[in-house]
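Subject: Handing over a structure, with notes

Dear colleague,

Please find below the structure that I promised to pass on to you.

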Amino acid sequence: MSVAQAAPAPAQGAVLRVTVGSVQPQAAPAEGAAAAVPCQRGKAIYNRYQSCIKVGATVNVLRNGRPVGSAHFDITHRMTLKQKSLKWSESIKVGKARLVGNARGITVGLKVTCNSSKCKPTNKFPRGRKLGGSEISGKVNYQDKVAKLKKDSASAKYIYTFTKPGYTPGGFNYRSVPFRCDDTFWNRDHSARNMRPGCVFHTYIPVMTTMRDLENIAKNIRGVQSRGKHYGRIGSGKPLHREADQRKIDSNRDKVCPPGQRPPQPGLSCDEYPFASTREGGHNVTADSRGTAWVPLQEQRQQGGRIQTFYKKERIVHRDAFWVSV
């Protein structure tokens with residue numbers, strides 16, 4: 001995540017020169033995605049629905065090129081997206097500032113924009129507040145207007161300006177973790193929604209864990225993940241990717257579990273991994289990275305519902321990546 005510095009201050013005169021620490025994006029641990037993300041200075045930590053950015057900044061007060069004061073503080077953002085809503089909010093806190101020398105009277109201003117015309121931020125951060133011994137807290141409300149069966153990716157841009165009477169202002173800017181809103185969960189003929197539109201931090205790769213207690217299916221997945229390119233296994237570098245085209249899903253399934261195939265005994269069903277509803281399903285990966293097994297029909301029925309529930313819970317749209325942990 002890049003941070004844009006203000007233009008260099010003039011060598012002479014009274015100016016505010018602002019410096020800000022770098023911010024590195026960091027995905028939260030995959031298995032702990034349900035927990036609140038932590039805030040760490042110099043990090044933009046995020047999972048599928050939450051992010052926290054913490055930036056360290058300094059405003060240097062210069063007169064005729066010589067430092068006469070400084071203000072040191074942190075800025076913390078917490079943004080929480082909504083699984084089933086196109087409206088969400090973000091809290092922003094400018095922490096208590098350590099003032100040195102002639103640093104009193106520095107006022108902070110914040111402008112927030114989105115790099116998508118469908119994303120509309122409403123800035124509620126207070127105006128005219130001065131850096132000093134108290135925190136400055138506010139929020140930004142967002143609304144996206146993604147169209148039916150469409151998705152919209154964007155990020156917020158935070159533009160800070162610092163002013164002090166008699167001094168040339170200084171500032172900096174940086175961006176949020178990218179997010180995506182979609183309205184893609186409709187039934188097959190697109191006549192009714194399966195789930196309301198919502199938003200996620202789409203670069204986060206979620207983990208499916210709901211296959212673990214399906215004994216025979218889990219065994220098949222572990223066997224396939226243990227060989228070839230280990231598709232879907234955390235740490236393999238090869239996540240699965242959702243396939244949303246029903247014709248391709250059916251084709252994937254038929255290639256590895258042909259219709260009319262007889263089970264070795266009644267009550268069993270053909271189970272395939274990678275799943276038919278992924279772009280790795282069917283014959284789309286080499287034979288050593290895929291496999292089938294006969295499993296109880298009841299497990300097979302539960303599996304289908306759990307996969308669809310996972311796609312909805314994490315808003316996994318076409319081509320989105322995910323892991324499978326068993």
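Helices (H or I, at least four residues) and strands (E, at least two) are DSSP runs, numbered from the N terminus. In these terms, Ser 325 belongs to the segment after S22. Please keep in mind that this is a predicted model, in which local features need pLDDT of at least 70 and side-chain atom pairs count only at pLDDT 80 or more, while totals for chains, interfaces and linings use all residues. Residues are numbered from 1 along each chain as its sequence is written, and side-chain values use heavy atoms, with hydrogens and water left out.

To stay with Ser 325 for a moment, its relative accessible area is 13%, so this residue is buried, where buried means under 20% relative accessible area, exposed over 50%, and partly exposed in between (1.4 Å probe, protein chains only). The side chain of Ser 325 is joined to that of Arg 212 by a polar contact of 2.8 Å; such a contact is a pair of N or O atoms within 3.5 Å, and within protein one must be able to donate a hydrogen and the other to accept it, while residues adjacent in sequence count only if both atoms are side-chain atoms.

Strand S22 itself covers residues 321-324 and runs parallel to S18, with two bridges joining them; two strands pair if DSSP finds at least two bridges between them. Across this pairing, Val 207 stands opposite Trp 323 of S22. The three strands of this open sheet come in the order S18-S22-S19, with mixed pairing, and its edge strands are S18 and S19 (240-241), each of which pairs on one side only.

Next come the aromatic rings. The structure holds 15 aromatic pairs, where rings of Phe, Tyr and Trp (its six-membered ring) pair if their centres lie within 6.5 Å, and planes under 30 degrees apart count as stacked, over 60 as edge-to-face and the rest as tilted. One of these pairs is Tyr 46 with Tyr 204, which is edge-to-face because the planes stand at 75°, with the ring centres 6.2 Å apart. This pair links distant parts of the chain, since Tyr 46 is in strand S4 (residues 43-46) and Tyr 204 in the loop between strand S17 (198-200) and strand S18 (207-208), 158 residues apart. Both Tyr 46 and Tyr 204 are buried. The rings of Tyr 158 and Tyr 174, by contrast, have their planes at 55° and their centres 5.5 Å apart, so that pair is tilted. Tyr 158 and Tyr 174 also belong to one aromatic cluster, together with Phe 73, Tyr 160, Phe 162 and Phe 172.

Finally, which cysteines are linked? A disulfide is a pair of cysteine sulfur atoms within 2.5 Å, and by this rule there are four disulfides. Among them, Cys 39 and Cys 52 have their sulfur atoms 1.9 Å apart, and their link is right-handed, with 105° about the S-S bond. Cys 39 counts as partly exposed at 29% relative accessibility, whereas Cys 52 is buried at 0%. Another disulfide joins Cys 114 to Cys 119, with 2.1 Å between the sulfur atoms, and both of these residues are buried. Cys 181 and Cys 199 are also joined, S to S 2.1 Å, in a right-handed link with 100° about the S-S bond.
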